[in-house]
Amino acid sequence: MSATARPLDTRFRVETPEGIDLLLRPAGLVPRALAFAIDLAIRGLVLLLLFIVLGALGQFGMGLGAILLFLINWWYMVLFEVLNQGRTPGKQWMGLRVVHDDGTPVGWAASLTRNLLRFVDLLPFAYTLGILSCLIHPAFKRLGDLAAGTLVVYRDAPPSRPQLPEAEPLRAPFPLSQSEQRALLGFAERQGQLSEPRRAELAAILAEPLDIPAEQAERQLNRIARGLLGPT
């Protein structure tokens, strides 16, 4: 995959080798901060319980606790991101995931890089550099993301079948281009959100190339849209 240099509005456009455009939705500072806070609370709780248990083992327990502190602090994020489709518990709670810039799942090298560079984002204090980078970058990247070539994006829900008005399916009078099919389906899906005059206006515009009388436009367009969608 290859990603374009600039995002579209607040979305990041990715073109696959098949020529299909994917639009990724980069997550901003607030949801990322909330996800990090959830992960921080989980790590803190786990470490607290471990130190309570290991405290009974004396100096050996404290030494083991120091090792676990290092492992949990530095590998918690990496293991979850690589083994759980880019999602730590905090990111999963917030509906986020980490991916490469080309939209592919994040790998070991990229996850290690972005998480090891957190110490740079922390400088000079309280994630100052990381916050500034997120606010300035069009895709809300912190410095670790820039170095690793990663994005934190919203995890889109699985696509659902469009809801169209009930109508008997009808074939179009002639083959429609892809853009024409999209226009008809878009009208059928969105017409419930439109006022009656606006709906009639759009229906008349769409019906004109199809030689459909204006008074029948809305009903016939719904039937054609049903035909394009196929049997439910």
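These numbered points walk through the fold, its helix packing and a few individual residues.

1. **What kind of model this is.** The model is predicted, so to speak of a local feature takes pLDDT of at least 70, side-chain atom pairs count only at pLDDT 80 or more, and totals for chains, interfaces and linings use all residues. Residues are numbered from 1 along each chain as its sequence is written, and side-chain values use heavy atoms, with hydrogens and water left out.

2. **The chain as a whole.** The protein chain has 10 helices and 5 strands; helices (H or I, at least four residues) and strands (E, at least two) are DSSP runs, numbered from the N terminus. Of its 232 residues, 32% are buried. Here buried means under 20% relative accessible area, exposed means over 50%, and partly exposed is in between, with a 1.4 Å probe and protein chains only. The chain exposes about 13900 Å², and carbon and sulfur atoms supply 64% of that area; accessible areas come from the Shrake-Rupley method with a 1.4 Å probe, and for residues only the protein chains shown count as cover. Among contacts in the chain with a separation of 6 or more, 60% are between residues 24 or more positions apart. Contact means heavy atoms within 4.5 Å.

3. **α8 against α10.** Two packed helices are described by the angle between their axes and the distance between the axes. For helix α8 (residues 178-190) and helix α10 (residues 217-229), the angle is about 115° and the axes are 9 Å apart. Axes are lines fitted to C-alpha atoms, for helices over the stretch in contact, and angles run from 0 to 180 degrees between N-to-C directions. α8 and α10 are therefore roughly perpendicular to each other; angles under 35 degrees count as roughly parallel, over 145 as roughly antiparallel, 65 to 115 as roughly perpendicular and the rest as oblique. The crossing of α8 and α10 is left-handed, a term used if the near helix is turned anticlockwise from the far one by less than a right angle, with right-handed used if clockwise. On the α8 side the contact is made by Q181, L184, L185, F187 and A188, and on the α10 side by E218, L221, N222, I224, A225 and L228. By class, these residues divide into 8 nonpolar, 2 polar and 1 charged. Ala, Val, Leu, Ile, Met, Phe, Trp, Tyr, Cys and Pro count as nonpolar, Asp, Glu, Lys and Arg as charged, and the others, Gly among them, as polar.

4. **α9 against α10.** The axes of α9 and α10 come within 9 Å and cross at roughly 65°, and α9 passes α10 in a left-handed crossing. R199, A203, A204, L206 and A207 of α9 make the contact with A217, E218 and L221 of α10. That set divides into 6 nonpolar, no polar and 2 charged residues.

5. L210 lies in the loop between α9 (196-207) and α10. L210 is buried, with a relative accessible area of 7%. Not counting residues up to four places away in sequence, L210 touches P173, F174, L176, L184, L221 and I224. The C-alpha atoms of L210 and A172 are separated by 7.8 Å, although these residues are 38 residues apart along the chain.

6. **α2 against α4.** Helix α2 (residues 58-83) and helix α4 (residues 108-116) have axes that come within 9 Å and cross at roughly 145°. α2 passes α4 in a right-handed crossing. From α2, W74, W75, M77, V78, L79, E81, V82 and L83 meet W108, S111, L112, R114, N115 and L116 in α4. The residues of this contact divide into 10 nonpolar, 2 polar and 2 charged.

7. **N73, also in α2.** N73 is found in helix α2 and is partly exposed, with a relative accessible area of 34%. Leaving aside neighbours within four places in sequence, N73 is in contact with R43 and L47.

8. **Backbone details worth a look.** A cis peptide bond joins L123 and P124, with omega about -15°; P124 sits in the loop between α5 (118-121) and α6 (128-136). Y127 is found in the loop between α5 and α6, and its phi is near 60°, a positive value in a residue other than glycine. Y127 is buried, at 17% relative accessible area. F140, in the loop between α6 and α7 (143-148), has a phi near 60° and counts as partly exposed at 22% relative accessibility.
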